[in-house]
Amino acid sequence: MLKNYSLLAGNTPTPILIVLSLLALLPINAVAEPPSTTINLIEQGQRIYQEGTLISGKPLEGFRNGNATLKGTEAACVNCHRPSGMGSVEGDILIAPIAGNYLFNPDKVQVTNMDPRSGKKFNQAHPAYTEDSLATAITAGINNSGRNMLALMPHYALEKQDMAALSAYLHQLSSTWSAGVDAETIHLATVITPDVEPQRRKAFLDTLRLSIIQKNGSTATASSKKGRHHMTSAAEMVLGTERKWALHVWELQGTPDTWTTQLNEKLHNQPVFALLSGVTNTTWEPVHNFCEDKHIPCWFPSVALPVTTQSFYSLYFSRGVLLEADALANQLTGTNKPKRVVQISRADVVSTQAAKYLDESLTKAGIATEQRIIKAGAAISAQSLGKLTAEDTLVFWLHGNEWQQLGKALPPTVKAVYFSEALAGGQSLPETWRKVAHLVYPYQLPDKRQSNLTNFYAWHKMKKLPIVDEHLQAEAFFAVEFLTETLSEMLDNVYRDYLLERAENMLSRSESVKSEQQVRERQMRGKIGTAIQQHSTSIYPHLGLGVNQRFASKGAYITHYDKDNKLVADSDWIVP
């Protein structure tokens, strides 16, 4: 029978070494302490684990061969064992879990797939650690199976009080499922802001809801084995860790300064494990900050202006209009610089931030810029664009629902015209502007993404759902599929931090595997030749994350319409 699992035990010295050195930081039990003291110990242990700061305020030090090699934040446990304590992969080295149940609970079955690149590398069973065995592992480099740990793992000299604090922290780390999770169900929410157009809102929700209904219909929970079982993971099936999803739609009202209060109320009424997708035409910052404050994963929302400051809990498809601004700056600051760039926008936060961002880059390159803001409610016309010369380059930061107003105005005689595809919202440029306009395009080109989105198109056709906004609906569809796969690989370790850590490791591999599978299936049907390669199953050319990366797609094309009204690339994939 499976017992407590961890790579600290037995037959693979590499994972064992790594785990134990940080493991041994855990030793002393704080069970007998009064509640207030225990809380204080946990907080102190958290500082050691996450920041590398001892109770005394001095930096944690790690030693190899008797010499201090790591200090402070570099020596912190979180660097290898991650915020969840569930370990990580460093090349071919598997760093095992040191969360509470994996170390101290010998009677509870604990299983995790250590390497997301392989479905067969599970953690190894070992007896529960004691204070003495952990102390020996830390000070002497010998695990509780009597094996020497890898020299790669530093030894840590901790005072008794530091050991007690770290142990208290590790006892509670990832010891219970996160809020919004029970044995049968994972509760999720999606956020829609009040500015989203009704038709896009409906298309978005239909995609999410029907995807989840289909997922639940293929899910066999521990108490119910009825219906068709879709096995993403063999371990998940054997262990019976599948759960159904409950989606809660959080529709916000009013102005952004009121959204935090609304979100807190909704979370209080219904705890959720994560925010799944989401959509806005304006700022996402209140939602982003809410997720960071409450430690709730924000799973690939469809937003044009994501928050770009360093964060942990929010994953985005790309940097949106800020990525477009960088890509355009890369194009404009090349060998054929314009004399002046005139930017046209509304006064909304997305458009003005994009224009400001581009202005800063162009100014540094010595290019003159001017931003012209069209007042709210004012029609977009040739007069509203202002005076322009043949040497000017014109950049529009307008939402797609305003593009049609341009159809009533003839394009001005200027050097070049650029539009933002991230703001398109499912709209197309008026025919009169297609002959002169370029699109900054952070997606795969239309003719190339047809094969990427084979499943997406087939699913929408089967469900009889119209494609209203292909970008939005494809993103929502991908968010559900990737969350399904990631949660399946997590087995019963349903912890919020761990979800994000798995996403970092799984995204590139997942995209590659699914892409190859789709190619093989089409080859078997005789529809393509063997030379065709595919690198994504999303609307993007490539999605990938690394440790602490939060933007999965990192580039954009500059495009134009050819004489056949086909969108073609002017540039290679630009990664600023």
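Tutor: Accessible areas here come from the Shrake-Rupley method with a 1.4 Å probe. On that basis the protein chain of this predicted model has an accessible surface of about 24,600 Å², and carbon and sulfur atoms account for 52% of that surface. The chain has 576 residues, of which 54% count as buried. Its secondary structure consists of 19 helices and 17 strands. Take the contacts between residues at least 6 apart in sequence: 68% of them join residues at least 24 apart.

Now to the backbone. Most residues other than glycine have a negative phi. Ser277 is not a glycine, yet its phi is positive, about 55°. This serine lies in the loop that runs between strand 8 (274-276) and helix 10 (285-294). Is Ser277 buried or exposed? Ser277 counts as buried because its relative accessibility is 1%, and the cut-off for buried is under 20%.

Lys464 also has a positive phi, near 60°, and is likewise a residue other than glycine. Its loop is the one between helix 17 (454-463) and helix 18 (470-490). Lys464 has a relative accessibility of 76%, so it counts as exposed; the cut-off for that class is over 50%.

Notes:
Residues numbered from 1 in each chain as written. Predicted model: local features only at pLDDT ≥ 70, side-chain atom pairs only at ≥ 80, totals over all residues. Heavy atoms only, no water. Helix = DSSP H or I, 4+ residues; strand = E, 2+ residues; numbered from the N terminus. Buried < 20%, exposed > 50% of the residue type's maximum accessible area, 1.4 Å probe, protein only. Contact = heavy atoms within 4.5 Å.
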